[in-house]
Amino acid sequence: MLSRRDVLKTAGLASQVKVAAAQRRKFRALVRYGTGASVRELSLLPIQPREVVVKTQASGVCYTIVGGLLSNRNATRASIPNHSGMGVVEAVGLLVKRVQPGDRVIVPGTPQCGQCYECITGRADWCQFLSTKPAHPIAEMSDGMPVFADGALGGLSEVMVVPEEYCCPVFTSVAAAELTMLGDTLGTGLAAGHNLAAIEPGSNVVVLGAGPVGMGAIQAARILGAGQVIVVEPIRARRDLAMKVGATMVLDPNAEGAGLVNKIQELCKGPTDRRFAGGRAWDDDMFAVGRGPDFTIEAVGGDSFAPKMEAGPDPTGILPLRQAWEFTRAGGHITTLGFGQKGDVSFPAWQFANRGRTFHAGQQGGLQMLRDLPRYVKLIEKGVLDTKSMVTATYPLERAMEAVQAVADRTQVGAVVTFG
């Protein structure tokens, strides 16, 4: 008869054998090194006790990585780009408890340790594990050059090596290309509508920008029962897609020009100005709610490169921030999700202090991944959340740079690199 100690010892040895086998494997990844990026064969290095080896199935390209990948600046450290992905667990370190081999996992850009101050106070999107992520290489090239994973993930790779704090197990048959969108862009917009803005039924919502982040916010507004969802987007194809997934009206900021703020306020002023009949005073005096949306979600950001599609009116991304402030009603909510703005934005001091608007800065939209991602998967399964329409093109690893270029050019909304 085997003792409990013998059983545990045998199980531990079996686990170590599996981990060792995984660590000897060769795999391919997009590697940024020197002045360019190319697909290279790498050798996996030994993993740490709290790390997980994931065989990648899909990884959605995020606009925030295009500046580094398409620049010609010299990178002295070899690294695998992208900060989200989705796949199947191949091996786990000896101390891993959250997942086990065979699990499908979404690996989002923000971890959830569940123990730091931010996690226990309800802001897992600011999990402090972000600042303690491992800085050791996960693989090496044939010449021994160490290779690191950007964002602790390195999604554009056949294999991801990630701390377990980044793993969210999902028990579903939903396609990998759709699931990976939840780990970053689409999930950010969804979480912003649910968690930060907390959109209310029947409310007026304006979404600035209909990229994949904005599309998530549009769908959140629809799912939560917003009465009106107005989307502002310069690219016609994106305006059309926005209407498909939940917008009730779309506006071209180039066509509206300086009249955009007033038009949105008029569209969101309510049926009456009789304040004691549940209406708003439309004169916008200091003590009136005034015209404008209840919830504004900005998902524009700044341009890293000039788009090949229709360009917006301000490549710095400052104008949408200012407009969001101007047209949102007193007491309304403004959530900012854009990235890469260039410059400063200012507001009238008395309005900032006294008009009652609430600002939400959207680090991944307030996503609490262990709670939220399984919920979003259920919404996909029920046909409530449209992720199929969000994946507008897929690419094999060999064409990963084409996917990056398409995102930079704005010719695709959801460009996903998939792995066989």
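Contact here means heavy atoms within 4.5 Å. I note at the outset that the model is predicted.

**Entry 1: helix H6**

I looked up helix H6, residues 212-223, and what surrounds it. The cover over its buried residues includes helix H4 (176-182), H5, strand S11 (204-208), strand S12 (228-232), helix H7 (236-245) and strand S14 (295-298). Ten of the twelve residues of H6 are buried, so the helix is largely enclosed by the rest of the structure. Among the buried residues I listed Pro-212, Met-215, Ile-218 and Gln-219. I then checked the length: from first C-alpha to last, H6 reaches 16 Å, close to the 16 Å expected at 1.5 Å a residue. Gly-225 follows H6 and has a positive phi, near 85°.

**Entry 2: helices H5 and H12**

Two packed helices are described by the angle between their axes and the distance between the axes. For H5 (residues 185-196) and H12 (residues 369-381), the angle is about 105° and the axes are 11 Å apart. Angles of 65 to 115 degrees count as roughly perpendicular, and H5 and H12 are therefore roughly perpendicular to each other. Which residues meet? Gly-187, Leu-190, Ala-191, His-194 and Asn-195 in H5 meet Arg-371, Asp-372 and Tyr-376 in H12. I sorted this contact by class and found three nonpolar, three polar and two charged residues.

**Entry 3: helix H13**

I asked how many of the ten residues of H13 (residues 400-409) are buried. Seven are, so H13 is largely enclosed by the rest of the structure. They are Ala-400, Ala-403, Val-404, Ala-406, Val-407, Ala-408 and Asp-409. Strand S1 (26-34), helix H2 (66-69), strand S17 (393-395) and strand S18 (415-418) are included in what covers them. Just after H13, Arg-410 takes a positive phi of about 70°.

**Entry 4: aromatic rings**

I counted seven aromatic pairs, with ring centres within 6.5 Å. The rings of Trp-325 and Phe-359 have centres 5.8 Å apart and planes at 10°, so this pair is stacked. Trp-325 lies in helix H10 (residues 318-327) and Phe-359 in strand S16 (residues 358-361), so the pair ties together parts 34 residues apart in sequence. Trp-325 is buried, at 2% relative accessible area, whereas Phe-359 is partly exposed, at 37%. Phe-352 and Phe-359 have ring centres 5.9 Å apart and planes at 35°, so I recorded the pair as tilted. Phe-352 counts as exposed, at 52% relative accessibility. Trp-325, Phe-347, Phe-352 and Phe-359 form one aromatic cluster.

Methods: Residues numbered from 1 in each chain as written. Predicted model: local features only at pLDDT ≥ 70, side-chain atom pairs only at ≥ 80, totals over all residues. Heavy atoms only, no water. Axes fitted to C-alpha atoms, helices over the stretch in contact; angles between N-to-C directions. Helix = DSSP H or I, 4+ residues; strand = E, 2+ residues; numbered from the N terminus. Parallel < 35°, antiparallel > 145°, perpendicular 65-115°, else oblique. Nonpolar A, V, L, I, M, F, W, Y, C, P; charged D, E, K, R; others polar. Buried < 20%, exposed > 50% of the residue type's maximum accessible area, 1.4 Å probe, protein only. Expected span 1.5 Å × (residues − 1). Phe/Tyr/Trp six-rings, centres within 6.5 Å; stacked < 30°, edge-to-face > 60°.
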